[in-house]
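User: Hi, I have a new structure open and I'm still learning to read these. Can we go through it together?

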Amino acid sequence: MHEQSIALYYDDFAPHYVPGWRSLEHYGPLVADFLLRAVTPECRVLDVGCGPGQLTRDLAPDVDVTGIDLSPRMLAVAGAARPAGRYERHDFHDPLPREWGRFDVVVAVGCLEFCRDLTATLRHLADACAPGARLLVGVVEDRTARRPGASRRPFSEDGLPGVDMHAYDATAQLAAVTAAGLSPWSYRYVPAWRHEEYSYVVRYGLWELREDAPGA
């Protein structure tokens, strides 16, 4: 039911998402910088929780982009913006289909707010990576939580009642990264987006990760 509620919530404003989100989000330039460094000609990019595809739609035409999301209308907007891309309805809590192949670059930023099991989700992403793949992952980090580990708070009482925003402290994030078999290359604690309903700025643990090639 949570996944259905999330899909309907984002379906409602899919055509207007990008203009409105630009006034709230802070992570766009950080993702752009990562893609500039990580994407190479003819590589395969996985955009997790792609929404309308705003983070990856302007990559070079020879780059193979696959986006996954829960919202059919978001996927339709993304497909219209980059007709050569592949956009599929898929829940990141589930393994990616093997027939999709392996990816050289993975972006999972602006979506793991809804991740109930960070270790399992990162393991699914790692399983979809080619050797040596580079990943950028943004995890909500709440340093005000009473206990270390995972915590949660309501995402939106108005738009998504009963759906939680999941947060993980830095220790839990690192444990999930290593349990998934990924190598951390950098970590930053950064502003992610402004939550207007609750009047605070959501902050991410932003990780650059690698799927190490055999023997590396």
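User: Let's start with Glu196. Is Glu196 buried or exposed?

Analyst: One note first: this is a predicted model. Glu196 is exposed, because its relative accessible area is 51%.

User: Which side chain does Glu196 meet in a salt bridge?

Analyst: Arg194. The N to O distance is 3.0 Å. Arg194 is partly exposed, with a relative accessible area of 31%.

User: How many salt bridges are there?

Analyst: The count comes to 9. One of them joins Asp64 and Arg44, at 3.4 Å from N to O. Asp64 sits in strand 2 and Arg44 in strand 1 (residues 44-48). The two are 20 residues apart, so this pair links distant parts of the chain. Asp64 counts as partly exposed, at 32% relative accessibility.

User: And what does Arg153 pair with?

Analyst: Asp142, in a salt bridge of 2.9 Å, N to O. Arg153 is in strand 6 (residues 150-156). Asp142 is in the loop between strand 5 (129-140) and strand 6. They are 11 residues apart. Arg153 is partly exposed at 28% relative accessibility, whereas Asp142 is buried at 17%.

User: Which residues are linked in a network of salt bridges?

Analyst: Asp33, Arg37 and Glu208.

User: OK, Arg210. Is Arg210 buried or exposed?

Analyst: Buried, yet Arg210 has no salt bridge. The nearest side chain of opposite charge is Glu208, 5.7 Å away.

User: Where is Arg210, and what is it in contact with?

Analyst: Arg210 is in strand 9 (residues 200-210). Leaving aside neighbours within four places in sequence, its contacts are Ala133, Arg134, Leu135, Leu182, Ser183 and Trp185.

User: New topic: helix 4. Which residues of helix 4 are buried?

Analyst: In helix 4 (residues 72-81), Met74, Leu75 and Ala78 are buried. They lie on the same side of helix 4, because they cover an arc of only 100° around the axis.

User: What is on the face turned away from that buried side?

Analyst: The exposed residues Ala76 and Ala80 are there.

User: And what covers the buried residues of helix 4?

Analyst: The cover includes helix 1 (2-12), helix 2 (17-21), strand 2 (64-69) and strand 3 (86-89).

User: Helix 2, then. What about Tyr17?

Analyst: Tyr17 lies in helix 2. Tyr17 counts as buried because its relative accessibility is 9%. Beyond neighbours within four places in sequence, Tyr17 is in contact with Tyr10, Tyr27, Pro52, Gln54 and Met74. Met74 is one of the buried residues of helix 4.

User: How far apart are Tyr17 and Val77?

Analyst: In sequence, 60 residues. In space, 9.8 Å, C-alpha to C-alpha.

User: Which residues have the most contacts inside the largest nonpolar core?

Analyst: Tyr27, Trp193 and Tyr204. That core has 44 residues. Not counting residues up to four places away in sequence, Tyr27 touches Tyr17, Trp21, Leu55, Val109, Gly110, Ala192, Trp193 and Tyr204. Another core, of 30 residues, lies apart from the largest one. Among its members are Ala108, Leu112, Ala133 and Val139.

User: Last topic: rings. How many aromatic pairs does the structure hold?

Analyst: It holds 11. One of them is Phe114 with Phe155, which is tilted. The rings are 4.8 Å apart, centre to centre, with 45° between the planes. Phe114 is in the loop between strand 4 (103-108) and helix 5 (118-127), and Phe155 is in strand 6. They are 41 residues apart. Both Phe114 and Phe155 are buried.

User: And how do Tyr187 and Trp207 pair up?

Analyst: That pair is tilted too: 4.9 Å centre to centre, 55° between the planes. Tyr187 lies in strand 8 (residues 183-195) and Trp207 in strand 9, so the pair ties together parts 20 residues apart in sequence. Tyr187 counts as partly exposed, at 30% relative accessibility. Trp207 counts as buried, at 6%.

User: Which residues form one aromatic cluster?

Analyst: Tyr9, Tyr10, Phe13, Tyr17, Phe114, Phe155 and Trp193.

Note on methods
Residues are numbered from 1 along each chain as its sequence is written. This is a predicted model: local features need pLDDT of at least 70, side-chain atom pairs count only at pLDDT 80 or more; totals for chains, interfaces and linings use all residues. Side-chain values use heavy atoms; hydrogens and water are left out. Buried means under 20% relative accessible area, exposed over 50%, partly exposed in between (1.4 Å probe, protein chains only). Helices (H or I, at least four residues) and strands (E, at least two) are DSSP runs, numbered from the N terminus. The arc is that of the directions from the helix axis to the C-beta atoms. Contact means heavy atoms within 4.5 Å. Lys and Arg count as positive and Asp and Glu as negative; His and the chain ends are not counted. A salt bridge is a side-chain nitrogen of Lys or Arg within 4 Å of a carboxyl oxygen of Asp or Glu. A nonpolar core is a set of buried Ala, Val, Leu, Ile, Met, Phe, Trp, Tyr and Cys residues joined through side-chain atoms within 4.5 Å. Rings of Phe, Tyr and Trp (its six-membered ring) pair if their centres lie within 6.5 Å; planes under 30 degrees apart count as stacked, over 60 as edge-to-face and the rest as tilted.
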